[in-house]
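Here are my notes on this model, as numbered points. Please read them with the structure open.

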Amino acid sequence: MSDPIRHLQSLLPPHNTRHESATAYAPANIALCKYWGKRDSRLKLPVTGSLSVSLGAHGTRMTLRRAEADTLVLNGEAVDPGTATFRRLFAFLDLIRDPAHRLTINSHNTIPIAAGLASSASAFACAVKALEALYGWDLPPQLRSILARLGSGSASRSVFDGFVEWHAGSAPDGMDSFAEPVAPVWPEFRIGILTVSEAPKPVGSTEAMERTVRTAPLYTAWPAQVAHDLPRIRQAVLDRDFETLGQTAEHNALAMHATMIASWPPVIYWLPETTDHLHAVHRLRAEGLPVYATLDAGPNLKLLYTAEAGNDLKAAFPQLIQIEHTPAP
Ligand code: 2P0
């Protein structure tokens, strides 16, 4: 097998120099069936498939400009070239851009800072779209998703709006590991963010995932959990069956956290308020309010509900940030 990254590069059109600058946008996404664990860390190939909902107007807007030297401005602040953020983003651009081109990047997150959702997913998906615009390309959507995946696994899903499934694939070169839209937006579907902490994570998600796969005996149960949950969530999205969707998504997120807690050294993202909020969600559900929770690699909760529960949830959680997932104009 030739090197899979060289093969991908051979599929790219010529680097056209017509444009001096280009701007693109990509939404963040929240997984309803989580991606947790890689079978190939260089190509970011996942152990299982996953399914997410993109967050519409909440994501990353990025402008690329041809320049004499590489520079990065993130939310209005210059980023030092020695930082991991700078190096990771430019190492990714090096996979796709003309090696002779230097770029000035101006990147802006349109996600409320307090939501703690500023993720690599929207940034890498946006970087691919911005390079495409700069070089005047119109890549096939599957190739766009595969390229974004090389930046961050979850970025493979952020190249699409609405509900999106990332197929695990089985090919060693990853050419069958890409995301595809499952369904457009569900106008009544809501995501609510309950922020517990905005502090940086004690363990990054890439490291936490790797540690779980390597050390958690419970991880062997994870592929079976996803094999059960993913088709149920896909069907629930297609049927707009909120109860099945919410139950399955919450179970999936808690099972993912169980694998992290069972790793060594343990990865425990939860803070006391995480459990308090989770218990409050369960109390509200026992009282008849259809609301479910999901959590990613951090202590903050994302509530899943439909528009009619919005007022009751605002009353129960005044700090709730309600996120719509209709696409950005
Ligand atoms: C997800 N997460 O499906 C899962 C659930 C966090 C918990 O994808 O190593 O930043 O760059 O592929 O995509 C976060 O991991 O990790 C993530 P890499 P990524 O959304």
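**Notes on the domains, their interface and the salt bridges**

1. The centres of domain 1 and domain 2, taken over C-alpha atoms, are 24 Å apart. This is a predicted model. The domain assignment places domain 1 at 4-183 and domain 2 at 189-324.

2. How much area do domain 1 and domain 2 bury between them? The value is about 2700 Å², with 74% of it on carbon and sulfur atoms. On the domain 1 side, L32, K34 and W36 lose the most area to domain 2. Together they account for 33% of what that side buries. In contact terms, 26 residues of domain 1 meet 38 residues of domain 2.

3. Polar links also cross the interface. Seven residue pairs are in polar contact between domain 1 and domain 2, both residues at pLDDT 80 or more. Strand 1 (21-33), strand 4 (50-67), strand 8 (163-166) and strand 9 (179-183) each give two or more residues to the domain 1 side. Strand 4 gives the most, with five residues. By type, the residues of that side are 18 nonpolar, five polar and three charged.

4. Two salt bridges are counted between domain 1 and domain 2. Separately, please look at R234 and E165, which form a salt bridge with the closest N and O atoms 2.7 Å apart.

5. T294 deserves a look. It is found in strand 11 (residues 292-295). T294 has a relative accessible area of 0%, so it is buried. Its side chain makes a polar contact of 2.9 Å with the side chain of K34. Leaving out residues up to four places away in sequence, T294 touches several others, including I30, A31, A249, L301 and K302.

6. K302 also forms a salt bridge, with D296 (2.9 Å, N to O). K302 counts as buried because its relative accessible area is 7%, under the 20% cut-off.

7. The structure holds 12 salt bridges. One of them pairs E132 with R144, the closest N and O atoms being 2.6 Å apart. This pair links distant parts of the chain, 12 residues apart: E132 is in helix 3 (residues 120-134) and R144 in helix 4 (residues 141-151). Both E132 and R144 are buried.

8. Is R214 buried or exposed? R214 counts as exposed because its relative accessibility is 54%. Its salt-bridge partner is E210 (2.9 Å, N to O). E210, at 37%, counts as partly exposed. Both residues lie in helix 5 (residues 205-215), four residues apart, about one turn of the helix.

Technical notes
Residues numbered from 1 in each chain as written. Predicted model: local features only at pLDDT ≥ 70, side-chain atom pairs only at ≥ 80, totals over all residues. Heavy atoms only, no water. Buried < 20%, exposed > 50% of the residue type's maximum accessible area, 1.4 Å probe, protein only. Polar contact = N/O pair within 3.5 Å; in protein donor to acceptor, adjacent residues only side chain to side chain. Contact = heavy atoms within 4.5 Å. Domains from an automatic or database assignment. Buried area = accessible area lost by both parts, 1.4 Å probe. Salt bridge = Lys/Arg side-chain N within 4 Å of Asp/Glu carboxyl O. Nonpolar A, V, L, I, M, F, W, Y, C, P; charged D, E, K, R; others polar.
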